[in-house]
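Visitor: Hi, I have a structure open here and would like to talk it through. Could you walk me around it?

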Amino acid sequence: MTRPSFRLRRPAALLAVLLASGGLAACGDHPNEHASVVTAANEGLYLSIGELKYQVQSSRQLNPNDVEDKAFLEGVPADQRALKPNEVWFGVFLQVENQGSTAMRPYGDIEIDDTQDEVFKPLTLGHTNLFAYRPNDLIPAKQILPLQDTPAYNSVNRGSMLLFKLTLTALDNRPLELKIVGTTATPKQTGIIDLDV
């Protein structure tokens, strides 16, 4: 009878030691904010890259036959509208907070990587898409992209969307990582967020 209770106490004791020594990181930013690579273990966690703080609100496959999802697919260039049999539309919805004292542009060097080193770049969407993440849009100091009172902010996703064409193989090669290169961060930083696919 004593052995099972000993086994239960041992993990609890180990957990107490880890917590006391700081061995488990709390939710939020990577412990070393000045590292060249900073990571977030999943969506919803904040990730600071330079003076910009990123948070993935959600990521999911998009259905072109769904009424809501049709709006997310507005502005796709004509030569990119067709999907191959092994491709799907995939949206990543981001919020970006400018923590600085001057207006800044969000980073534009972004990709999704799978575990087989396949790399997927987001499509550049036309201005008819009211939800698109646009690296040329300025974020005012101490403000969040998407700005309040915009369709992207008021959508159920509450984020600016990056649109990708992913392969079905990539969806099997998880975890997928969203990689954001802070090209103007000093020092230069790369942020990696594991997507909850």
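Predicted model: local features only at pLDDT ≥ 70, side-chain atom pairs only at ≥ 80, totals over all residues.

Visitor: Where is Asp-149 found?

Guide: Asp-149 sits in the loop between β7 and α3 (151–154). Its phi is positive, about 65°, although Asp-149 is not a glycine.

Visitor: OK, let's zoom out. How many helices and strands does the chain have?

Guide: There are 4 helices and 10 strands. Along the sequence they follow the pattern α-β-β-β-α-β-β-β-β-α-β-α-β-β. The chain has 197 residues, and 41% of them count as buried.

Visitor: What share of the contacts join residues at least 24 apart in sequence?

Guide: Among contacts between residues at least 6 apart in sequence, 72% join residues at least 24 apart.

Visitor: Now the sheets. In what order do the strands of the open sheet come?

Guide: The open sheet has 5 strands in the order β1-β10-β9-β5-β6, and the pairing is mixed. Its edge strands are β1 (37–40) and β6 (119–120), each of which pairs on one side only.

Visitor: How do β1 and β10 pair?

Guide: β1 pairs with strand β10 (residues 189–194) in the parallel sense, over 4 bridges.

Visitor: What about β3, which strands is it joined to?

Guide: On one hand, strand β2 (residues 47–49) is joined to β3 by 3 bridges, and the two run antiparallel. On the other, 10 bridges join β3 to strand β4 (residues 87–98), again antiparallel. Leu-47 stands opposite Tyr-54 in β3, while Ser-58 has Phe-93 in β4 as its bridge partner.

Visitor: How many residues lie between β2 and β3?

Guide: There are 2 residues between them, and the two strands form a hairpin. Gly-50 in the turn has a positive phi of about 60°.

Visitor: Why is β3 described as largely enclosed?

Guide: Strand β3 (residues 52–62) has 8 of its 11 residues buried, so it is largely enclosed by the rest of the structure.

Visitor: Changing topic: what can you tell me about Glu-111?

Guide: Glu-111 lies in strand β5 (residues 109–113). With a relative accessible area of 13%, Glu-111 is buried, because buried means under 20%.

Visitor: Which side chain does the side chain of Glu-111 make a polar contact with?

Guide: The partner is the side chain of Lys-121, at 3.1 Å. Leaving aside neighbours within four places in sequence, Glu-111 is also in contact with other residues, including Val-119, Phe-120, Phe-164 and Leu-178.

Visitor: Pockets next. What volume does the largest pocket have?

Guide: Its volume is about 300 Å³. The largest pocket is lined by 16 residues, and Leu-123, Thr-124, Tyr-133, Arg-134 and Pro-135 lie nearest its centre. The lining divides into 10 nonpolar, 4 polar and 2 charged residues. Strand β8 (residues 160–167) gives the most to this lining, with 3 residues.

Visitor: And the second largest pocket, what lines it?

Guide: The second largest pocket holds about 210 Å³ of space. Its lining has 15 residues, of which Leu-130, Ala-132, Asp-137, Leu-145 and Thr-150 lie nearest the centre. By type, that lining is 10 nonpolar, 3 polar and 2 charged residues.

Note on methods. Residues numbered from 1 in each chain as written. Heavy atoms only, no water. Buried < 20%, exposed > 50% of the residue type's maximum accessible area, 1.4 Å probe, protein only. Polar contact = N/O pair within 3.5 Å; in protein donor to acceptor, adjacent residues only side chain to side chain. Contact = heavy atoms within 4.5 Å. 1 Å grid on protein atoms, 1.4 Å probe; cavity = no way out; pocket = protein on both sides within 12 Å on 5 of 7 lines; lining within 4 Å. Points joined across faces, edges and corners; volume = space filled by probe spheres on them. Nonpolar A, V, L, I, M, F, W, Y, C, P; charged D, E, K, R; others polar. Pairing = 2+ DSSP bridges.
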